[in-house]
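Here is a short report on one protein structure. Look at the sequence and the 3D view first, then read on.

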Amino acid sequence: MATLNAQASRARGTVQRVLTKGPGGQEFDSRSRFLNEFPGGIRSAIEKNSGLMSRIDTWVNGEARVTLDHAMKAIVEAGIAVGEEALEDIKFDPNSRAWVVVEDPEDWLAFKGAIERARGRMNMPYPEYAERQQNKREREELARRPVDINNNSELAVFYGSKRAVDPEERYAAIKKMFEEAGFKVTAKRVSGRSSSSTPPHLFEVEDHPTILSFELHPGGGIHAAPYVRVKTTKGVVKIINKNSMPPYDKLDEKPWKYIEVSI
Amino acid sequence: MIADRTHPFLLKVNRVATGEEAQALEAAGADLVGFHEGDDVLFDIETDPFWTDERYVYSADLAELAAGLTRAEAFVETTSYGLGEALCAKARAAGMQRIQIGDHLALKPSALEACRSHGLSLYYGGRYITAEDVMMAGDLAAAEWPLLEALDLQVFTSTADAWALLSSPPPELTGDIVLMSDLLSLAARLPLFVSLNLTPANCEAVLQALTPTPIRGLSLTLSPESSGACHTVTVEHAAEILAIAASYLGKT
């Protein structure tokens with residue numbers, strides 16, 4: 001397996017060199033150097049095809065040597081690889097008109113599907129498509145740290161384990177959660193315009209994909225009961241304790257969601 | 001700062017999906033027409049898009065979508081990660097001068113440079129203020145907004161009747177919630193569009209209250225979906241609201 005991986009890696013390198021250099025890219029001056037550029041399975045199939053081996057000798061010995069790009073097309077034509085799908089992780093990208101290395105078969109399927117659905121409006125080269133897929137996966141991974149806003153159980157953790165919200169304790173705990181996940185939070189501020197003797201405490205999360213800010217209210221304000229308010233890109237989440245006395249007064253709110261804890 | 005009350009009051013529509021819609025909304029009174037570029041969604045790269053409706057457009061279609069507009073100005077909506085040289089070039093080729101960013105993440109220097117090189121300025125959308133965000137207006141005014149054309153702010157998206165609370169806040173709450181004066185103060189410090197729960201029934205009252213003020217205009221977002229972070233209207237309601245607003249403002 002290690003040998004096959006090494007061969008595949010060399011083939012990738014060659015394809016990338018060809019793509020970088022364009023049609024006049026890498027040439028080969030011996031049969032063995034040419035064959036060494038292919039993953040083991042493909043190479044074995046080439047070696048069993050006498051007609052193709054003869055052509056390879058012509059290529060490597062002739063004055064007009066071919067690039068790997070051209071050679072791969074010939075290999076497909078020779079029936080070793082059937083169509084553009086056959087060269088294991090090396091595929092023909094119709095948008096860049098070149099062979100490309102496919103790291104994730106699902107990305108390739110999505111790419112082909114997108115081309116089909118877009119009906120001529122999808123001309124992004126595959127390497128750019130794969131990079132954007134990778135960037136998207138990284139954003140999604142970041143967005144789930146330290147909690148996934150689509151998961152109510154995870155969001156409920158922000159309320160803590162005490163019946164009322166202690167802004168100092170909650171700020172320290174939530175700050176730690178975000179910092180351990182790689183995000184910064186701003187300093188906590190006390191709302192300067194509250195009629196309550198127990199004003200809310202506010203802070204923001206910096207550059208998180210989905211979570212924007214927090215309000216920690218110890219209770220006694222316009223909603224009467226303590227709550228943790230999380231502003232997300234999808235809307236406001238209010239985490240309240242259903243055992244609070246007096247109970248939380250919803251006024252005319254319609255947040256994205258209420259999450260009730262029972263403490 | 002002295003409030004600028006001399007600017008025209010503009011009617012801005014986000015997420016227009018077809019050329020025919022754009023022309024119909026322009027005829028109804030829209031001054032600014034946005035097309036929501038969704039290549040990442042349509043190319044199956046973004047699998048958890050903000051909207052699940054069918055109002056995203058291909059960036060390749062921008063020129064065709066904007067071609068039928070005669071008076072209204074077209075712009076393209078995108079995300080911080082969709083903004084780059086390729087989209088800027090397509091926007092300019094479509095005759096656009098503005099791009100709207102629909103999320104809150106910091107913009108890459110390369111994306112801003114692409115905007116500059118194509119002479120594009122930015123609308124900042126994707127922000128909402130709730131009644132309890134009493135410190136947010138000040139924060140928005142103090143924030144840095146590179147290449148700012150205007151901020152498009154969703155107002156009280158988590159309130160059952162945003163306009164009722166903004167226009168007539170219960171006296172017992174006025175010390176604890178965002179007030180109209182906060183928005184006017186913000187609008188005096190940076191160009192501001194506001195989005196409310198506009199309806200044909202409240203449209204004139206909203207315009208009476210907001211004109212003349214430093215607020216640059218009203219913004220509508222088209223979608224059959226409801227959102228916790230954005231007021232939405234259907235195309236039919238938008239056309240009705242625009243017609244009432246345009247008539248009130250003397251545009252038709």
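## Ground rules

This is a predicted model, in which local features need pLDDT of at least 70, side-chain atom pairs count only at pLDDT 80 or more, and totals for chains, interfaces and linings use all residues. Residues are numbered from 1 along each chain as its sequence is written, chains are lettered from A and ligands numbered from 1 in the order in which they are written, and side-chain values use heavy atoms, with hydrogens and water left out.

Helices (H or I, at least four residues) and strands (E, at least two) are DSSP runs, numbered from the N terminus.

## Two helices in chain A

Start with helix α6 (residues 105–118) and helix α7 (residues 126–143) of chain A. They pack at an angle of about 115 degrees, and their axes are 10 Å apart. Axes here are lines fitted to C-alpha atoms, for helices over the stretch in contact; angles run from 0 to 180 degrees between N-to-C directions.

Which residues meet? From α6(A) come D107(A), W108(A), A110(A), F111(A) and A114(A); from α7(A) come Y126(A), Y129(A), A130(A), Q133(A) and R137(A). Contact means heavy atoms within 4.5 Å. The residues of this contact divide into 7 nonpolar, 1 polar and 2 charged. Ala, Val, Leu, Ile, Met, Phe, Trp, Tyr, Cys and Pro count as nonpolar, Asp, Glu, Lys and Arg as charged, and the others, Gly among them, as polar.

## Aromatic rings

A search of the whole structure finds 17 aromatic pairs over all chains. Rings of Phe, Tyr and Trp (its six-membered ring) pair if their centres lie within 6.5 Å; planes under 30 degrees apart count as stacked, over 60 as edge-to-face and the rest as tilted.

Take F158(A) and F178(A). Their ring centres are 6.1 Å apart and their planes lie at 10 degrees, so this pair is stacked. F158(A) sits in the loop between α8 (152–156) and α9 (167–180) of chain A, and F178(A) in helix α9 of chain A, so the pair ties together parts that are 20 residues apart in sequence.

F158(A) also pairs with F214(A). This pair is edge-to-face, at 4.8 Å centre to centre and 85 degrees between the planes. F214(A) belongs to strand β5 (residues 211–217) of chain A, while F158(A) is in the loop between α8 and α9, so the pair ties together parts that are 56 residues apart in sequence.

Are F158(A) and F214(A) buried or exposed? Both are buried. Buried means under 20% relative accessible area, exposed over 50%, and partly exposed in between (1.4 Å probe, protein chains only). F178(A) is buried as well, with a relative accessible area of 0%. One aromatic cluster holds F158(A), Y171(A), F178(A), F203(A) and F214(A).

## Charges over rings

## Burial in chain B

Helix α8 (residues 180–189) of chain B has M180(B), D182(B), L183(B), L186(B), A187(B) and A188(B) buried. Their cover includes α6 (136–142), β6 (148–155), α7 (162–167), β7 (192–195) and α9 (203–210) of chain B.

E236(B) is in helix α10 (residues 235–248) of chain B. E236(B) is exposed, with a relative accessible area of 60%.

K90(B) lies in helix α4 (residues 85–93) of chain B. At 31% relative accessibility, K90(B) is partly exposed. Leaving aside neighbours within four places in sequence, K90(B) is in contact with D39(B), S59(B), A60(B) and L62(B).

## Backbone details

A cis peptide bond joins R145(A) and P146(A), with omega about -5 degrees. P146(A) lies in the loop between α7 and α8 of chain A. Another cis peptide bond joins M245(A) and P246(A), where omega is about 0 degrees.

In chain B, L147(B) is not a glycine, yet has a positive phi of about 55 degrees. L147(B) lies in the loop between α6 and β6 of chain B. F156(B) has a positive phi of about 55 degrees too, and is not a glycine. F156(B) is buried, with a relative accessible area of 0%.
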